[in-house]
Amino acid sequence: MEKLERQETLENVIDRQLGKRSFLKLAGLGIFTAAVASLPSILSEASEETGTNTKRKFRYGMVIDLKRCVNCKACTVACKLENKTPPGVVYNPVIEEEIGEFPYVQRRWFPKPCFHCDNPPCTKVCPVTATYKREKDGIVIVDYDACIGCRYCITACPYGARYFDFGENYPAQQTEYGRVPSPEFHGAHGLRREGKSPVGNVRKCTFCLHLQDENGNYTRPPACSETCMSKAIHFGDLASQAGGLCVTHEGCNLKQLLVERKWIRLKEELGTEPMVYYLL
Amino acid sequence: MKSRYGLMGWVLWGALLTLGLVGVWQRFTYGHHLANYGSFIPWGLWVAAYIYFVGLSAGAFLLSSLAYIFKVKALEAIGRLALVVATITLFMALLSIWFDIGHMERFWYVFTRPNFYSMMAWMIWMYTAYFLLLLAELGIAFWVAPAKGERWLRVLGVLGVPLAIAFHGGVGALFAVVGARSYWHSALFPILFLTGALTSGTAFLLAVVARFWPDCGEGRRQLVRLLSQITLGMILLDLLLEWSEISVPLWGNVAPHVEGLHIMLFGPFWWVFWIGHLLLGSLVPIYLLARHPDNPKWAGLGGALAAIFFMTVRLNIVIPGQVASILPGLEGAIQHPRLTTFYVPSAHEWLVLAFVVAVGILMFAVAKRRLALFGSASEVKR
């Protein structure tokens, strides 16, 4: 209100001194100057929408504590429930290995979501730029409306994190369950129909990005980390000012964990820079 | 007698087309449900067929273009035949890969939103240029007067040779750039694809010339001898490169792609390499071509064997590279038929391939009847 009054006063003064026509000219000039001045920020917002902005807001990643993981596979199940993935599409399997010979046998296991690599080999091979790494949060996604289903990205991923949707369904798809849309990508392709995306597309973990609010902050942690009963999966923003703000567990700091504990990333030698760390 | 064989041939072709149409109907009705590939082996028979047909095309084209450029008169007689074979096999390759993609209706996205960082995008753009060039050459070869046409064919051949080398080398590079699959990640791959293309393309032309060349005189004999010698040389060169590709990593025995080689050489489908490729696709043709280079019957058989069994080489490129585990334990994480590294093409996949072959045969039969595919005896003698 106060601002409006001040504008009115200014208008009156100028009108009196320069006359109406001059004022209009001046106002036009002012609007033009303001538009030019605000152009960089408008462009920046627009390019952020299209994913070409170089300014980075978030760098989401995971720190998975292997000492805490008990191989219950609740993360796998929670992910399937959250994203309603069909048979043969598993965004977060738990890899198990048995090493050695009896009696010196050891088993080891680890959850394996997509690593959302900083240097992803999968996005480079896509012939139609359907899969790309989002600048605003570092999440690697597949645009279901653009993917032609050539599956080149599946062969290029060194971690087996991509799956082809063959259009197969669980029997429950024929029941009421089938009429509940998947929230993936905010339900853009929520209901499954034969021959329509995501059937015939390559699919992968999205770090449950549908749980982000309009500013890119998570309102809820991704399903796998939220459900983990032993609190092994820490999900958060590795680029935050606070030094690795953890979305999943309050008071937990991802960077602190990485400083205090020994960690590995899979196949470091490939230079893919995975955003998922395993604490040993 | 001849007409009885001809009739039998058409009956067999009819059966092949009928079976193929069943496969195509299944493909359009059930999508990818009936295919046996999955998420751990995402590329199967159709991708192998694609690189096989595209190799035949590039090989036939390179041979005919080199003949035009270097004025190899003896080979100029098969110039038109080679162009037709190159066009038909390229069409068959595109048909195979079209059936393979998840969204067939989106194939044109590769032109409207290409990613030039992707070797696949480059390959598609290059074979589009190659396809246009082939059509132009076909037009000139069949519908322009020979005096004028020969010059233009030479010009287009000069343009076409680097294009065909880049395009088919690019198909090899498409595999070679995939760092995640050590078996494919070899600098020799694009070269192997080129020699493979020339081997299979020349062998295929030899078989076609030996079987269908209308003139039974000295002209055909000379042509068969020349093609036999080129095929023989290419098979030997291809084996030499293959030896290098296989023996070096096996000798070192530490490179990750040893696993893929072990699968190819000693895995459950060992016979594809040893019997299909080495015995029937290489050693028997080598014997036949060396022993009877100018006998159309035996040299033709040698060419046919080398050309047909080259499919085993293509299968051994595509499949073992994916069977080799990229992450130990991944396969056992979830039990599902799509999440396994065991792959045998399904009946549906074979049926679709039968359709592609039937279409190719029909195109060739029509071309043979309508166009003057074969040069005259005088052209050969010249």
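This is a predicted model: local features need pLDDT of at least 70, side-chain atom pairs count only at pLDDT 80 or more; totals for chains, interfaces and linings use all residues.
Me: How many helices and how many strands does chain B have?
Reply: Chain B has 382 residues, of which buried residues make up 57%. Among its contacts with a separation of 6 or more, 80% are between residues 24 or more positions apart. In secondary structure, chain B has 17 helices and 0 strands.

Me: Which residues of chain B lose the most area to chain A?
Reply: In the interface, 42 residues of chain B are in contact with 51 residues of chain A. The two chains bury about 3600 Å² between them, with 60% of it on carbon and sulfur atoms. Three residues together account for 15% of what the side of chain B buries, and those that lose the most area are B:His103, B:Arg113 and B:Leu327.

Me: Which helix of chain B gives the largest share of the side that touches chain A?
Reply: Across this interface the rule finds 27 residue pairs in polar contact. The elements that give two or more residues to the side of chain B are helix 5 (109-112), helix 6 (119-143) and helix 15 (330-333). The largest share is 3 residues, and it comes from helix 6 of chain B.

Me: How many nonpolar residues are on the side of chain B that touches chain A?
Reply: By class, this side has 5 charged residues and 12 polar residues. Its nonpolar residues number 25.

Me: Which residue of chain A meets B:Arg338 in a salt bridge?
Reply: Side chains of opposite charge can pair when their charged atoms come close. Across the interface of chain B and chain A the rule finds 2 salt bridges. In one of them, with N to O at 2.8 Å, the side chain of B:Arg338 meets that of A:Glu168.

Me: Where in chain A are A:Glu96 and A:Lys73, whose side chains meet in a salt bridge?
Reply: This salt bridge has an N to O distance of 3.0 Å. The pair links distant parts of the chain, 23 residues apart. A:Glu96 counts as partly exposed because its relative accessibility is 26%, and A:Lys73 is partly exposed at 27%. A:Glu96 is in strand 2 (residues 94-99), and A:Lys73 is in the loop between strand 1 and helix 3 (74-83).

Me: Which strands of chain A hold A:Glu96 and A:Arg107?
Reply: A:Glu96 forms a salt bridge with A:Arg107, the closest N and O atoms being 2.1 Å apart. A:Arg107 counts as partly exposed, since its relative accessibility is 44%. The pair ties together parts 11 residues apart in sequence, because A:Glu96 lies in strand 2 and A:Arg107 in strand 3 (residues 106-111).

Me: Are A:Glu176 and A:Arg179 buried or exposed?
Reply: The side chains of A:Glu176 and A:Arg179 meet in a salt bridge, with N to O at 2.7 Å. For accessibility, A:Glu176 and A:Arg179 are both exposed.

Me: What is the distance in space between A:Lys57 and A:Lys136?
Reply: A:Lys57 is found in the loop between helix 2 (20-50) and strand 1 (60-65) of chain A. A:Lys57 counts as partly exposed because its relative accessibility is 40%. A:Lys57 and A:Lys136 are 79 residues apart in sequence, and their C-alpha to C-alpha distance is 5.4 Å.

Definitions and conventions. Residues are numbered from 1 along each chain as its sequence is written. Chains are lettered from A and ligands numbered from 1 in the order in which they are written. Side-chain values use heavy atoms; hydrogens and water are left out. Contact means heavy atoms within 4.5 Å. Buried area is the accessible area (1.4 Å probe) that two parts lose on being put together, summed over both. A salt bridge is a side-chain nitrogen of Lys or Arg within 4 Å of a carboxyl oxygen of Asp or Glu. A polar contact is a pair of N or O atoms within 3.5 Å; within protein, one must be able to donate a hydrogen and the other to accept it, and residues adjacent in sequence count only if both atoms are side-chain atoms. Helices (H or I, at least four residues) and strands (E, at least two) are DSSP runs, numbered from the N terminus. Ala, Val, Leu, Ile, Met, Phe, Trp, Tyr, Cys and Pro count as nonpolar, Asp, Glu, Lys and Arg as charged, and the others, Gly among them, as polar. Buried means under 20% relative accessible area, exposed over 50%, partly exposed in between (1.4 Å probe, protein chains only).
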